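Colleague: Hi! Could you walk me through this one in plain words?

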Amino acid sequence: MDRRAFLKQSGMAASLPLALSATGCAVTSGIGKPLSPIKREPGTLSWVDGNAPDYQGGATWGHPWAQGALRKGQTLTLISEQGTPVPLQSWPTAYWPDGSIKWTAHAIPAGSQPGERFAIIAGKPVSPKAAVSITKHSGKVVVNTGVISLHIATSGQDIISEMHREGKVIGRAARLVGLVQDAPDNTPESPANVTAFTSSIDSVTVEQQGPVRSVIKIEGKHTTGAGRNWLPFALRIYAYAGAETVKISHTFIYDGDDQKDFIRGLGLRFNVVQRDELYNRHIRFVGQNDGLWGEGVKGITGLRRDPGQTVRDAQIAGVATPALSEWDERVSSRLHYIPVWNDFTLSQLSANGFAIRKRTQPGHGWIDSDQGQRANGATYVGGTSGGVLFGMRDFWQLHPVQVDVRNAGSDLAEATLWFWSPEAPAMDVRFYHDGMGQDTYDKQLDALNIIYEDYEPGFGSAYGVARTTDFTLGIMNTTPSREQTVAMARYISQAPQVVAAPQDYLAAGVFGGLWTLPDRSSPAKSAIEDRLDFQVKYYCSQVDQRHWYGFWNFGDVMHTYDTDRHVWRYDIGGYAWDNSELSPDLWLWYSFLRTGDPTTFHLAENMTRHNRDVDIYHAGKFKGLGTRHNVQHWGCSAKQMRISTAAYRRFHYYITGDDRTGDVLNEVINADQALGVLNPTRKVARENPLPGMAKIGVGTDWGSTAANWLTAWERTGDKQYRDRLVNAMTVIGEHPLGFFAGAFGYDTATQTLLPYELDEPSISHLSSVFGLVEMNAELNQLIDIPAYKQAWMEYGRLYNADEETQKAALGIAKRPNLKAAHSRLTAYTAYHNGDVQLAKRAWKEFDAKQEFAGLNGLSSQLQTTHVEGPNVLNPIDEAPWISTNDASQWGLAAIQNLALVGNALE
């Protein structure tokens, strides 16, 4: 497509109505109302939240391609809404089986303005005005964006040794810092020993060096003064052409002893060079809704004597004041009596309250300055000749957090962005109960009958879980205006994301094509679309009303509701945090693909950013596995691949190009080998049919393994992963029972499946609801193993079949749960066999009673009940008929049934 054709298409193409804005997440009064439209146009890209950002510090995103549409070596360029080329850097992130490119990732420079709708077309990309450069020196790597330069140390504690702009050093010695104490509480009766630690670099790697975007990865550990090395970290520095900011994405793994390592603080600390007069130095804190707290280190407003309107206006605006000779002499001669405020703190210890205070110096009292609810947290430290504007993504959502500025009146101020505030209680990741006598498998299984928790001594450990924090440092040549400060703060807290149109995701054939665009062509279809919309908006409201925020929690949702207490069951075993149970991730990502809705995108992305880190083990004996739903994200003893599966994370990686998510996809490639160490069915199937071999379930285990291998194959093109898939698919397809075999022996060394003799067929309601349906759609699309496809379609035909049909085919009849969820298996078989009657059966199954909510799928009322005190602590809106299991599986069945057998819906 040439530029003229693009402009013609972008002006005339049909648009798709989308959902409410991302900022509408906390609004509950409109849950039952129609969604507000935002337009995306096929053939064009757009910003996920609709409008072009006020501040653009560089952006990265992913783009899908139909098989054969883009070959290796082809170049791409970006055409703005105005028809002008925009500098673009591109790289492949996945391949089709024929070697053509399936997904690409792209980056544009800081400050580029592609508009609200723009397009990638074939052609040679234009170069940025000043390309990012990287030069290696002894002991450091220097990155230059054309505006700023960073000196990145290759050893020692400093991540960034110097930050430069316009030939001046603006900042120094950026390093990670922390505090740990050896007891959960520090009291006079039982004082805790507190130890400081800081970063120590092991390696520095230039991962990407391009004209538009360069990436440097730093790996290391945190080190105490006594030489203890712990909390391994991986940190990426992102530099975009033309940028005055640099993004830092930091991940650490908890590898401490939860009985004696109670983290008291985690932070990013650096120094800011101060050259300006004290009254020309400024501190800025960004609060809520673009609110800004801004004051001078030496204030010159509100004095008994007036220095002059222009002087006062200058300090408020953050510009240099007139020369002292122009001030009222009654002020200029008495400046030494005006206090110098050296230290400032903004602390946000919960989701609903922050406080700002300041003091003149240590040894003197703190003065309360102001308070608010939810701080953006972006901060500026510096003066009219330069400083640093910094912050982190999701500041208040990831509480307890804090910003400290110290020694602002000295030549070298110190700033610390605490992503675990030292003013909060120490981090306590110990398991939450003593086992209550569950010292045998039988007792543990019996306890499942009352609190739905799978307990086992020693398994509720946080050793190996991780968390990622994204920081931004803006290296400024002057104090930014108030308007620029809040614009940059919005960029820091939620970087603008580019997405494709739903029509283009669908046309590319990615993710199995198991969806269609929203369809309201009949009352029945409208009813389904209404509930799909309702569920997204309802969960968005619950995140805010139920305060599903916090360092370890933000991004996850709860599992099941307690209608008596009017709360989600946050304290009841397996009914609390969901941890991807029954695939809410898949439901949200497929919902986004078909609608382009920004609210759905943010829910899905926050969930992925949480569960890729917190719900998965990245070190230790459970590495590569995830944890089943529990009161604590790591609490359940069911450590399984069904939670760590790539099936849930690959959407985020391909759509956004997120490198941390890519790391996690790499981590789980060979997670199947953990089956030889830990049997996921050890409590219910205690005899091994193949002694000396592991066992792999044909449902959750195989579906997860297939997702991990498939993702590795398409990302790398390495045929070893395809060979593994072909071998396993052949074994399953050629088994007389196919997917009704239930399980196979597994050789973890060769990563192959081994059949064994069975007494009878096996049917589990959980086999298909952790990504197996979606993975089989892709496997059958990409790899031609007829026996495997036939075995899958037979499973789909028989799972919900009547007793007579099951007995005729299997010799037994079983009535498993999740009938509505499995209607999409029936629909898949009906679609591929062209069976109209089976398609109609799928829709009857879809309207079946749901397992957890207990109401019919299409007949439930899409409404909430408002509850206030004294029945609840805070006013809430509840829909007691919703559970996350049902919402997820009903949503996936609705989306896929509409795509596969929509014409059979009456």
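Modeller: Happy to! Keep in mind that this is a predicted model.

Colleague: Okay, new topic: sheets. What is the strand order in the open sheet of three strands?

Modeller: The order is β4-β8-β7, and the pairing is antiparallel. β4 (59-64) and β7 each have a single partner strand, so one side of each has no neighbour in the sheet. On average, neighbouring strands here are turned by 25 degrees against each other, direction ignored.

Colleague: And how many bridges join β4 to β8?

Modeller: Six bridges join them. As an example, Gly-62 has Ala-105 in β8 as its bridge partner.

Colleague: Which helix lies across β7 and β8?

Modeller: That is α13 (residues 700-716), which runs at about 140 degrees to β7.

Colleague: What about Ser-100: where is its place?

Modeller: Ser-100 sits in the loop between β7 (89-95) and β8 (101-108).

Colleague: Is Ser-100 buried or exposed?

Modeller: Buried, because its relative accessible area is 0%, and the cut-off for buried is under 20%. The side chain of Ser-100 has a polar contact of 2.6 Å with the side chain of Asp-98. A polar atom of the Ser-100 side chain also lies 2.9 Å from the backbone nitrogen of Gly-68.

Colleague: Nice! Now salt bridges: how many does a search of the whole structure find?

Modeller: The search finds 52. One of them pairs Asp-659 with Arg-213, whose closest N and O atoms are 3.5 Å apart. Asp-659 is in helix α12 (residues 659-667) and Arg-213 in strand β16 (residues 213-224), so this pair ties together parts 446 residues apart in sequence.

Colleague: Which residue forms a salt bridge with Asp-663?

Modeller: Arg-236 does, with the closest N and O atoms 2.7 Å apart. Asp-663 belongs to helix α12 and Arg-236 to strand β17 (residues 229-240), 427 residues apart. Both Asp-663 and Arg-236 are buried.

Colleague: Which residues are linked in a network of salt bridges?

Modeller: Arg-612, Asp-613, Asp-658, Arg-660 and Glu-667 are linked that way.

Definitions and conventions:
Residues numbered from 1 in each chain as written. Predicted model: local features only at pLDDT ≥ 70, side-chain atom pairs only at ≥ 80, totals over all residues. Heavy atoms only, no water. Helix = DSSP H or I, 4+ residues; strand = E, 2+ residues; numbered from the N terminus. Buried < 20%, exposed > 50% of the residue type's maximum accessible area, 1.4 Å probe, protein only. Polar contact = N/O pair within 3.5 Å; in protein donor to acceptor, adjacent residues only side chain to side chain. Pairing = 2+ DSSP bridges. Axes fitted to C-alpha atoms, helices over the stretch in contact; angles between N-to-C directions. Contact = heavy atoms within 4.5 Å. Salt bridge = Lys/Arg side-chain N within 4 Å of Asp/Glu carboxyl O.
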